[in-house]
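Reader: Please take me through one part of this model in close detail. I want the place where the two chains meet, and then what lies around it.

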Amino acid sequence: MLQATIALLCAASALAAEWTINLEYSVNDFKNTYPLGTIELRRNFEGNFTGNFKSSTDSQFGKKLLNALDETYSVRAVSSTQPGKTFITSNTPCNILQTRLFHLFWVSIDAEHRTLMSLAVYPDTVALSKEGATLRLSTETCSDALEQFIPSLADRAEGGVAKGVVHVNARGVLPSPDTQSFVQKMERERRARQQQGGGETDNRSFLAKYWMYIVPVVIFRADFERHDARTTGRRSCSININ
Amino acid sequence: MNLRIFVLGLLFRFSLAIFEDQAGKFDWRKQFVGCPTSVRFDRAERGSDRLILTTREDLIASLSLNTGEIAWRKLMEKRDEWSSNAPIATAVDEDNIYSVVDSGRILRVWRKADSALVWQKVLSDEPSKTAEIALFDNTVFAAVDSKIGAFSLAGDEKYAIRLSGAVKWTRFLKSGGRLFHVKLIDTQLTARELSAKDSDPAPGVKSVTFTRFNVEKCTIAGSLVLCAHSDTLVSIDVSKALLVEEEKNTAVTIREITGSATGFAAIRSPSSLKVFKGLTESFTINGEFTAANFVDEKYLVAVSSSDIVAYELANGKEIFQVKHAREATKSLIKALWAAKTSNDWEVVLVGHDCLVEYVVVEPSKNLASVEWTSEEALARIATVEMVDLPLSESQQMIEDEFEGGKGDLFSAFFHRIVTQIGQLRKWALRSVRHIFTLGSRLSSRANGFSDIINAVRSASSSDGDNTFERDYFNLRKVIVVSTFDGVVFGIDSATGAILWRFYLGQSFSPLKSQLGDFQVPLMVQRTTAHYQLHGQAAVVFRNSVNSKGVIVMFNPIDGKIVSRKELDGSIKRVSLLPYLTNDHIHPLLVLEYVPELAAEVLSKAAPLYVLDVSVEENIVKGLKVNLLKRHLSTTWSGSIGLTSDDKIIAVKGKPFQQKVHSQGRVVIDRTVQYKYVNPNLAAVAALDEKHQTLSIVLLDIVSGQIVHSAIVPKAAAPIHLVHSEHWLAYAYWSEKGRRTEVGIVELYEGGEQQSMAETFDSMAPTKQAPVSIAQSYIYAQGIVAMSVTETEQGLTTRSILVGLPDGGVHEISRKILDATRPLELTQEMREEMMIGYVPEIMIPNEEMINYNQSVHRVHGIKTAPSGLESTSLVLAYGTDVFFTRLAPSGTFDILKDDFDHVFISIVLAALVIGSFVSKRLARSHALNAQWA
């Protein structure tokens, strides 16, 4: 029953996006813009935000990038919580093509105020066309890297649509000097030292505690007195000694 | 047990302190007083004569008249405005100096002889724009915006008069045995007579509307308030029952007006100097004078670009006119003060470049001799660069040899022989010189064996003092300094001596950065590494007349100006391009002016990105500079989380030459944690004073990615940032703890693999998101400046240098200011010499790099690498300048100072000889034994 409730809650939280970021792209410095998709941000059980990218590009997306290899691929974002504020980011079309149109959206947010701080768009290197291949970043080598990729773009219909994952990076709080745990640690160490030294509070009597010091003194004293008595018995010049 | 180890650990901390005999060996300090705003000659009955100065650096100082040395100086609280040219209000009697300081809040009285504080009184809680002080009838009168206070000479308050209104100008005026206080509020000039009685008499307040008042060009002359209004002189006699405005046309453009207590006024115009008594003209001196002042109310002394003249006021007779030519590297005189002694005249000249000259004029011989000078511009250093000295002759020969490496075998061999002959010649010459110096020393002071040994030692160490070339370890450099007064200096790092200086011109004014602070950028375009070419540095400033940018290029070794370029527009930003042109010069990039570069250079150049901050809108932008098409394009933009309440305080990038030696850090389980070393990373600090929040954002300039962002709650100014390698250190005032705290953020790569190990590219993501580790510490002192040491290869553990308000410069090792110090130390961690977390950074006196040589008001610490990996060169500058060498991880590559070369050589030689002798003896002994 409890599991079912949790599952329901999960579903409910998954359904309602807390806020969305609308994305549009351009390959000619925003002279022509096309919709790219939306990023939906949701809060999970731990209170952290996770993002999900929903593409709204047409199947010509890849082709558009291919035709603009020397241009800049720019993305403009508007957050639903900050109307009127735009965020711009860019990358090269070649990088995105190399990763088969897989994007990595690096979203920095202020979770407390629910505001977008910045957005960066990257090619998702996990989706590189070949196993073990690395991203070729220089524009000269890019066309070589694309050669193996171009035929498949035309073939596969879904290959033309932008895909992406979202990495959410929330603003944190920097620590202040941790005096509390340091004091606790010192306290702990002090206690440990005490325990090592004499255990817990010693309730034994004075005699029980210090008999080892008292006994030798008593024995020595007794012995001395006996010796003294013997010498007085033998001679009567003890006064001189004194 | 743990505590014992901890205490032991504290005892075994790095002992970075220097030994007593090392003090002053490789460090030096220069103390300054700043540009004088008022000068008084103080004749002491006992002891030497002194000058008593107040300066723009808000200090009161006493200099020895004969030598110019600082007898004492007192640093006052800095006034609120950055460039307050009004002098600190002071009055002097036989024994004491009375001063109104701390923006008019406090009245302090000092004893002239030894600068002891006699008494002080609080005048007001609020800061004042104006402040004046006067001594009258054994009473001290101090006037600030809100109050006039009358005090007895012993410091008891007699009475106080409350004032109100925004005061623009205020003065005390003594006339005919009466004292008046004159103030101007808006256009209303009010005069009030004051009495030295124990209580305030009935207020005799008079006022008049004075529309033609000009704060800059008004003075008091006798009982007159005298103002200049283009070519007209306007006066109001305060001593009269009714305040009436009178005027007089002078027929000259009035530049400056100076008044005397006897009612004389000197009016300086571009071509003459007119002397007035009241509104009546007494006499005119023709000439282009730059400054004039009265002496003893009887004489007038004035200075032009070539002469110093003196006139008698009573009859307008010339007393002397002597030549005093200034070199082209110096500016014109802006102020002078003079005094007459029985035979000669003593004149203190202060230039626009803050060069203070003390000149003694002997009218009988018609001679002016400069007794001493002092470069007070160094009290306001803007930017510092350290430049290597040029290669020595032998180093050049070696370079020559490898430069032309493409010749055939024979020519290479010939080259080698020539080089070696050259080296041999040089060695022979040096040896001959050594022998001669040694010979002369021995003959002059050889009294015993120890003297001979000492002479040998000093002869070998004193070599090379005269030659100006790079030393073996590149420890001696030229410190090139630009100042806010428009003077550029070259300083020898070995001694602190000024090698050269030049003045940037009368039209100099500093640039204002986007964050609102003033700058005089100084950049080294070509180092002296290219020995066929001279080094080149550039200083950039604003022309104060037309606000356009000016770039002056010069040789940093001898200070010769190579070229001066006036730009067409104003300068928004200036930086050095990371490319080299064909003549090995780093070009300058000036926004909005893009330099013309050869296509050859540009084709090889990597794309260039610039961070642009719009402070008003709090929008941060990344711009891509297209040098071929000569335009800027926005690659990213955003608010980076800054709201309208946030004020950006600092933006810190990393120097493009910075080297990070070790790419990773070995963790206790023997795995490697790779540093996230992104050369394009910049740190932005913004403070929200309303909510007391400090935001720290680490962002990639190329992609606009926020790598790390966090807030520090309950934080307040002052904020200091140091950004280096993979870490950021920040200091702030914690409102919560009421203390200064220092924090550190370290960035590491997320996975166990290093992504982009060879070259870092901001256009691709790291495989895993970078991880940040942060920690903060209590710092039981205020912080005025923060910097980090630099070494040649970046191998030595860095130290953070912290300037303290009391004049110390504290060196904190990165091992102490570390984000990964564990709270609980395990046995393995102890074996790795890790230091456990303690919330406070101790400030032991041994860690002050300037031991007892306090440097006050440090506003910058410049570090530079030397040729030795262990050693970093440090220059801390503020009102004082301090230079030293620093070995943050100890001098692991240097023999100790007291390493006895001579003794070890003798022992070694004795051992070798001994072994030969004993071998011989043993052989003969064996032979004898066989015969026997």
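Author: Start with the layout of chain B. Chain B is divided into domain 1 (35-209), domain 2 (393-461) and domain 3 (900-932); these bounds come from an automatic or database domain assignment. The centres of domain 1 of chain B and domain 3 of chain B are 84 Å apart, taken over C-alpha atoms.

This is a predicted model, in which local features need pLDDT of at least 70, side-chain atom pairs count only at pLDDT 80 or more, and totals for chains, interfaces and linings use all residues. Residues are numbered from 1 along each chain as its sequence is written, while chains are lettered from A and ligands numbered from 1 in the order in which they are written.

The model scores ipTM 0.77 and pTM 0.84. Chain B averages a pLDDT of 85, and 92% of its residues score at least 70. pLDDT is the predictor's confidence in each residue, from 0 to 100.

Now the meeting place. In chain B, 41 residues are in contact with 39 residues of chain A. Contact means that the C-beta atoms of two residues, placed from the backbone, lie within 7 Å. On the chain B side, α1 (2-11), β49 (631-638), β55 (706-713), β58 (739-748) and β59 (771-779) each supply at least two residues. Helices (H or I, at least four residues) and strands (E, at least two) are DSSP runs, numbered from the N terminus. By class, the side of chain B that touches chain A has 21 nonpolar, 16 polar and four charged residues. Nonpolar covers Ala, Val, Leu, Ile, Met, Phe, Trp, Tyr, Cys and Pro; charged covers Asp, Glu, Lys and Arg; the others, Gly among them, are polar.

Look closely at β55 of chain B. Strand β9 (residues 172-173) of chain A runs parallel to β55(B), joined by two bridges. Two strands pair if DSSP finds at least two bridges between them. A:Val173 has B:Ile711 as its bridge partner in β55(B). β55(B) also pairs with strand β54 (residues 693-700) of chain B, in the antiparallel sense, over seven bridges. Here B:Leu698 stands opposite B:His708 in β55(B).

These strands belong to an open sheet. Its five strands follow the order β9(A)-β55(B)-β54(B)-β53(B)-β50(B), with mixed pairing. β9 of chain A and β50 (646-652) of chain B stand at the edges with a single partner strand each, so one side of each is left without a neighbour in the sheet. In a regular strand, side chains alternate between the two faces of the sheet.

Chain A has a hairpin elsewhere. Strand β6 (residues 102-110) of chain A runs antiparallel to β7(A), joined by eight bridges. A:Ser108 has A:Ser118 as its bridge partner in β7(A). Four residues lie between β6(A) and β7(A), and A:Arg114 in the turn has a positive phi of about 55°. Strand β7 (residues 115-123) of chain A is mostly covered, with eight of its nine residues buried. Buried means 20 or more other C-beta atoms within 10 Å of a residue's own, exposed means 12 or fewer, and partly exposed is in between; C-beta atoms are placed from the backbone.

Last, chain B as a whole. Chain B has seven helices and 66 strands. Of its 932 residues, 39% count as buried.
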